[in-house]
There are 2 protein chains.
Amino acid sequence: MHTCATLASLHYAVKLAIDEMMDEERRRWITSLEVARLAGVSRSAVSRCFTPGASIAERTKQRVLNAADQLGYRPNAIARSLNTQRSGLVGVVVADVGNPFYARLIEALAIEIQERGRAPVVFVAKEAGATDALLRELLSFQVDGVLVASATLSLRVTQLYRSAETPIILLDRMASDGEVVTGDVSADNVAAAAMIAELFATTGCLRPAFVAGLENTSTSLERAAGFVAGLDRHGLKLAARDVGAYTYLGGQAAARRLLGKRDRPDAIFCANDEMALAAVDVARSEFGLRIPGELCVAGFDNTVSSALAAYSLTTVDQDIERMAGEAVSMLEASLSTSFAAERLRIPCRLIRRATTR
Amino acid sequence: MHTCATLASLHYAVKLAIDEMMDEERRRWITSLEVARLAGVSRSAVSRCFTPGASIAERTKQRVLNAADQLGYRPNAIARSLNTQRSGLVGVVVADVGNPFYARLIEALAIEIQERGRAPVVFVAKEAGATDALLRELLSFQVDGVLVASATLSLRVTQLYRSAETPIILLDRMASDGEVVTGDVSADNVAAAAMIAELFATTGCLRPAFVAGLENTSTSLERAAGFVAGLDRHGLKLAARDVGAYTYLGGQAAARRLLGKRDRPDAIFCANDEMALAAVDVARSEFGLRIPGELCVAGFDNTVSSALAAYSLTTVDQDIERMAGEAVSMLEASLSTSFAAERLRIPCRLIRRATTR
DNA sequence: GTGAAAGCGCTAACAT
DNA sequence: ATGTTAGCGCTTTCAC
């Protein structure tokens, strides 16, 4: 056994010498071994200097850190993760493209992850069905966990993650029954929609309508439910209902149908801002309605566009930063302790502007 | 030496047995060894099945692939990268937060990278100075290359990348002299701004003004230069100039100053849409100007907001997808062949809408 | 075409 | 507190 080690290290030394002689093709990196040599310590000592809780004398630590600095050494995170079984990578999967809300969410999540010393691997699903493949892909990159925003996941892939003991946190979408995920965090859509209902009711609206986003998405369903419940509390009922697929064009079509009715609504709550802006445009230019005089409109998300002077749309602000923070915290928690599944609702803020009374 | 090997493999076998007996703490993964056993081949054979250009018999390949499928095996990308010296990770660093253009750019880059089988690691710099630290961080994650959008890099960090032989591609910002980067791709800002100038000139504008973004950013400088050159070609000169820091508030202040002058401009070209929208708002509500009758306004970026009916802003579209595609292609090219630095300008499209004649 | 053996750069259990 | 040693899961010469 001893001979073995000697032979091995001899072989190793020879290889190193060769490497240093010829200008190698492979990318050259400063390794912990080189730092160790310069500092006159072992590789373990170097390793310990870069491992938070490791026991190392202050004196040697300084010596090693100096050497490392001098050589421009940084530990190779890939090599490290091979035996710690933790890559430091966190997957972020977002399905809904083109929606400004999700663009902001990506940014917020990325910031939150990187601030905790991890690296966000961001995958964007172009079609709804693509999520599964992306999640598999992420798994092979050994992500420590994933944050999935507003996407459909198959049972198969959740099982895959379960057996890999890799947590999945859902964002802006609750876990459906039977779906085994580590947790979910989303806006309190029900309460927020109820605030809109209350605003409509207390400012004299009598025929409120709702424009849904995508049918069967939890966000749209919750906003609908909260709106109806809120109206009910004020003795009102939904006068009309349509669907706009969360897009401007969809919202435009829905608004046309809604406003073209004999008993047209006098207030429209759209499940997001894009559709609400479309409703405002249709109401003004195609029906010549004064807003908020003849029609109140409210949206959801508080996008940049909604704040513009020409619209000044009443809407709901989701506190994306908070949501991102909580989601990443939940992920971290599930990484360390054994962690019971949790669901978090983040309260929203009503942004009352000029499209309501 | 032989004894050694035997001892080692014996030890290994024992360890495996132990692992299988006790429910291990570490995350369990299907390894190539398990697939190899099931398929009755060696680990090398399994490896070759997942390595594109490897020589392997079709018959064994099928057998291995079957076994892999049965066990749900996926090669561990981390382990692979340890000896291929390629992680498959591509860094994306974006400095400008809150700017809708960069949000779209992140998405486009992420899509482009993931479609080529790599994984985008997205870092967002909150402050301008943070870029350096993020780039260092990325390097320790062994990224194969980085795409940097609109950020300042220190010389030190570019040297670091150079010695690590990791390519840096700049996006939407040219490399300044002395800066050693692998390449850059950005919009043809000069030509685009000249198109706006021509539009103004040929529709009877006589006193054109320019609102810069951030001073000293190449995008703003190029747009200014192209605009002035374009005007010059039509015998016009810049009537006024201001700065708006690429933000709505900045654009608002600039517009107020510009329109408050005795000889107010009759056309304003803003270096981005946010400032242009602010200019439209100020012109309409604070100065009661008719657009485009009394004032023409043009922006840059073709953001979602610019297309809204209430603004219908004339602007320039940057073809973000194309830029992202070219940038990633350039990165791939520099990864394979020895590659000479390159700079690419992507042509823009004029989007003529209702804020110009 | 296939297997054996030697690492990629690092960490961690163990011994000192 | 530090060094020695044995891998993490994979790829890759090198024999056969």
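Good morning. I begin with one contact in chain B: Arg322(B) and Glu326(B) form a salt bridge, and their closest N and O atoms are 3.3 Å apart. Please keep in mind throughout that this is a predicted model.

Where do these two residues lie? Arg322(B) and Glu326(B) both belong to helix H13 of chain B, which covers residues 320–336. They stand four residues apart, about one turn of the helix. Arg322(B), with a relative accessibility of 35%, counts as partly exposed. Glu326(B) also counts as partly exposed, at 26%.

Glu326(A) is partly exposed, with 26% relative accessibility. For Arg322(A), the relative accessible area is 36%, and this residue is likewise partly exposed.

Let me return to chain B for another pair. The side chains of Arg116(B) and Glu112(B) meet in a salt bridge of 3.2 Å, N to O. Glu112(B), by contrast, is at 16% and counts as buried, because the limit for buried is under 20%.

How many salt bridges does the structure hold over all chains? The total is 28.

I turn now to how the two chains are arranged. Chain B can be laid on chain A by a turn of 180°, with a shift of 0.0 Å along the axis and an RMSD of 0.1 Å. The two copies are therefore related as by a two-fold rotation axis. Which residue of chain B comes closest to that axis? It is Val121(B), whose C-alpha lies 2.2 Å from the rotation axis.

Next, the interface. Chain B contributes 64 residues to the contact, and chain A contributes 63. Of the interface residues of chain B, 98% are also interface residues in chain A, so the copies meet through the same surface.

The size of an interface is often given as the accessible area lost when the parts come together. Here, the area buried between chain B and chain A is about 5,600 Å². Carbon and sulfur atoms give 60% of that area.

What about the polar side of this contact? Between chain B and chain A there are two salt bridges. Glu115(A) forms a salt bridge with Lys126(B), the closest N and O atoms lying 3.3 Å apart.

Which elements of chain B give two or more residues to the side that touches chain A? They are helices H1 (2–21), H5 (77–84), H6 (100–115), H7 (131–140) and H12 (273–286), together with strand S2 (119–124). Helix H6(B) supplies the largest share, seven residues. By type, the residues on this side of chain B divide into 33 nonpolar, 14 polar and 17 charged.

Notes:
Residues are numbered from 1 along each chain as its sequence is written. Chains are lettered from A and ligands numbered from 1 in the order in which they are written. This is a predicted model: local features need pLDDT of at least 70, side-chain atom pairs count only at pLDDT 80 or more; totals for chains, interfaces and linings use all residues. Side-chain values use heavy atoms; hydrogens and water are left out. Copies are superposed by least squares on the C-alpha atoms of residues with pLDDT of at least 70 in both. Contact means heavy atoms within 4.5 Å. Buried area is the accessible area (1.4 Å probe) that two parts lose on being put together, summed over both. A salt bridge is a side-chain nitrogen of Lys or Arg within 4 Å of a carboxyl oxygen of Asp or Glu. Ala, Val, Leu, Ile, Met, Phe, Trp, Tyr, Cys and Pro count as nonpolar, Asp, Glu, Lys and Arg as charged, and the others, Gly among them, as polar. Buried means under 20% relative accessible area, exposed over 50%, partly exposed in between (1.4 Å probe, protein chains only).
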